[in-house]
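Please open the model in your viewer and keep the sequence panel beside it. The stops below each begin with something to select.

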Amino acid sequence: MLLAACVPAQPMTASAAFVEPLADRAPAQDATACGLRIVEVGDARLAPETLGVVSGRAIKAPPDRDAWLRSVAMGLGSRGYSVRFAAPAGDSREVQVSITLKSLWVYDLTSNKVANVVISVAAQQPGHPGLSRDYRGDITRVNWSSSDDELQKLTNAAFGLALDKVGQDLRALCPDQGG
Amino acid sequence: MKIGGVAAVLACLALATGATGATPKYLLPRDARVVEGGRFVDVIVPQQEIKSDINPSNAALATGGGLIAALIDAKIQADRTKKAELEIEPVRSALAGFDADKLAKETTSVMLANAPWLQVHSVGFGRDDSIVGLSGALDASPAEKVLFVLYRYDLSPDFASVRVSARLLLASKTVSGAKAPTNRLDLKYLTYAQTVQSIVTLPSPAKDSTENASRWAADNAAMTRKALAIAFADMTTLIPRALDLSADDVKVMSKGERKVLGGHIGRLVEQGATGSLLFSDDLTYVQTIAH
């Protein structure tokens with residue numbers, strides 16, 4: 001068993017589908033039908049193919065990172081928004097949003113696993129000064145076995161925490177909120 | 001059954017040490033310096049922001065092991081990690097825009113200029129420091145010989161110091177006797193393996209880590225930025241010095257006075273106006289940041 005443990009751990013590839021672990025889901029918000037038009041999603045990281053290394057096991061980004069980040073952006077849908085992807089439009093009542101992944105790293109610290117994510121959000125809506133800031137999602141859990149499921153859930157949970165904060169701030173730009 | 005997490009790492013380390021006898025590889029044979037075709041230098045920075053660190057709990061060690069003690073350790077370490085990650089958040093936020101990757105690449109360029117005998121073929125950049133990742137990098141290398149420079153930058157568990165380290169590995173694409181590709185990274189097949197570190201400490205650090213973290217975060221993390229610049233700059237001289245060490249140098253250094261500086265234990269090699277150099281199989285330079 002000890003010898004088996006010393007075989008270098010094969011990397012895992014993160015899923016391109018963002019799914020929030022149930023235990024971490026933000027409390028359900030009243031649906032306000034505030035429309036979000038995601039005009040751009042991007043990845044500003046250097047060496048973006050690696051998302052982290054936990055106990056010697058590399059976590060690789062999904063091959064289609066654009067699809068992955070779009071899936072993450074759709075996570076705003078479970079925070080009371082109606083989300084779609086479209087080109088910018090000057091006369092839209094929707095809040096126009098650009099989302100960029102600035103950093104994401106998943107790693108181990110003694111017997112724990114840690115995920116830190118930073119996403120940059122720029123949003124505008126006619127009549128509102130607009131929004132441009134970074135949002136963090138930081139989470140720590142005990143590392144039981146560095147399994148695919150554990151690491152995937154941790155990564156998604158970190159994104160979920162960042163999306164919670166994004167969702168709170170975007171509310172001010174919604175037309176029915178006076179934005 | 002695969003074991004992950006800390007248990008696996010400890011088990012493998014125990015086996016590796018026992019199986020190979022762990023002969024230090026921090027002396028580079030002179031005849032290994034010159035290589036045909038030059039060396040590919042792979043800069044690896046396995047992080048995207050400054051890391052936190054904790055002191056591990058030792059209940060299992062103190063009580064002779066057992067499941068209960070291991071669970072106690074896990075709980076203590078979980079609490080310490082959560083605290084450290086909360087305390088470091090303002091430092092990370094204040095460091096927004098700081099490009100440590102660029103600094104690591106520039107540092108390596110200067111270091112390579114200080115050690116032209118390394119015969120650089122080309123330089124690459126990556127983040128995957130797993131054994132499988134490094135093995136893949138060996139496969140992809142345009143040169144037979146590879147120098148991996150694995151950087152790490154973090155804050156000490158008490159938040160008193162900023163630390164930058166570089167782990168140096170001289171590896172070969174082709175190794176006769178290696179049963180699996182990943183075996184090429186086994187210590188016995190590496191030409192050289194060494195770690196150098198620079199520790200930059202706050203003046204009069206507090207006992208309270210939260211207070212220390214506040215100082216590092218203040219003024220847009222001015223002191224942290226300065227400390228990281230100093231520590232990375234130290235790498236440009238520490239790395240060539242480490243590569244140049246001879247057996248006679250090690251004999252002399254091993255006789256130095258035993259010291260604990262910046263949380264690091266080692267034999268004092270030299271003490272200058274700006275800081276002190278310690279040897280404990282690795283080379284560590286410890287200094288205090290000026291106000």
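Leaving aside its neighbours within four places in sequence, with which residues is A:Thr100 in contact? Select A:Thr100 and show what surrounds it: A:Thr100 is in contact with A:Gly42, A:Asp43, A:Ala44, A:Val118, A:Ile119 and A:Ser120, where contact means heavy atoms within 4.5 Å.

Before going further, note that this is a predicted model, in which local features need pLDDT of at least 70 and side-chain atom pairs count only at pLDDT 80 or more, while totals for chains, interfaces and linings use all residues. Residues are numbered from 1 along each chain as its sequence is written, chains are lettered from A and ligands numbered from 1 in the order in which they are written, and side-chain values use heavy atoms, with hydrogens and water left out.

**Colour by confidence**

Colour both chains by pLDDT, the predictor's confidence in each residue, from 0 to 100. Chain A averages 89, with 88% of its residues scoring at least 70; select residues 1–5 of chain A, and you have a stretch with pLDDT below 50 that makes 10 contacts in the model beyond near neighbours in sequence. Chain B has a mean pLDDT of 91, and 91% of its residues reach 70 or more. In chain B, residues 13–22 have a pLDDT below 50, with 6 contacts in the model beyond near neighbours in sequence. For the complex, the predictor gives an ipTM of 0.90 and a pTM of 0.91.

**Chain A and its strand 6**

Now show chain A as a cartoon, with 3 helices and 8 strands; here helices (H or I, at least four residues) and strands (E, at least two) are DSSP runs, numbered from the N terminus. From that end, the elements run α-β-β-β-β-α-β-β-β-β-α. Of the 179 residues of chain A, 54% count as buried, on a scale where buried means under 20% relative accessible area, exposed over 50% and partly exposed in between (1.4 Å probe, protein chains only).

Select strand 6 of chain A, in which A:Thr100 lies. Of the 15 residues of this strand, 12 are buried, whereas A:Thr100 counts as partly exposed because its relative accessibility is 24%.

Strand 2 (residues 34–43) of chain A pairs with strand 6 of chain A in the parallel sense over 7 bridges, and A:Arg37 has A:Gln96 as its bridge partner. Strand 3 (residues 50–54) of chain A also runs parallel to strand 6 of chain A, joined by 2 bridges, with A:Val53 opposite A:Tyr107. Strand 7 (residues 112–124) of chain A is antiparallel to strand 6 of chain A, and 13 bridges join them. In the hairpin of strands 6 and 7 of chain A, which has 2 residues between the strands, A:Thr110 takes a positive phi near 50 degrees.

**Strand 4 of chain B**

Move to strand 4 (residues 161–172) of chain B, where 11 of the 12 residues are buried. Strand 3 (residues 145–155) of chain B pairs with strand 4 of chain B in the antiparallel sense over 11 bridges, and B:Lys145 has B:Ser172 as its bridge partner. Strand 5 (residues 192–201) of chain B is likewise antiparallel to strand 4 of chain B, joined by 10 bridges, one pair of bridge partners being B:Leu168 and B:Gln194.

**Helix 5 of chain B**

Select helix 5 (residues 131–140) of chain B, whose buried residues are B:Val132, B:Gly133, B:Leu134, B:Ser135, B:Ala137 and B:Leu138. What covers these buried residues includes strand 1 (39–44), strand 3 and strand 4 of chain B.

**The second largest pocket**

Finally, select A:Ser103, B:Gln48, B:Glu49, B:Ala96 and B:Gly97, which are the closest to the centre of the second largest pocket among its 26 lining residues. On a 1 Å grid over the protein atoms alone, a pocket is an open set of points where a 1.4 Å probe fits, with protein on both sides within 12 Å along at least five of seven lines, and lining residues have an atom within 4 Å of a point. About 620 Å³ of space lies in this pocket, the volume being the space filled by probe spheres set on the points, which are joined across faces, edges and corners. Strand 8 of chain A gives the most to the lining, with 4 residues.

How values were computed: Two strands pair if DSSP finds at least two bridges between them.
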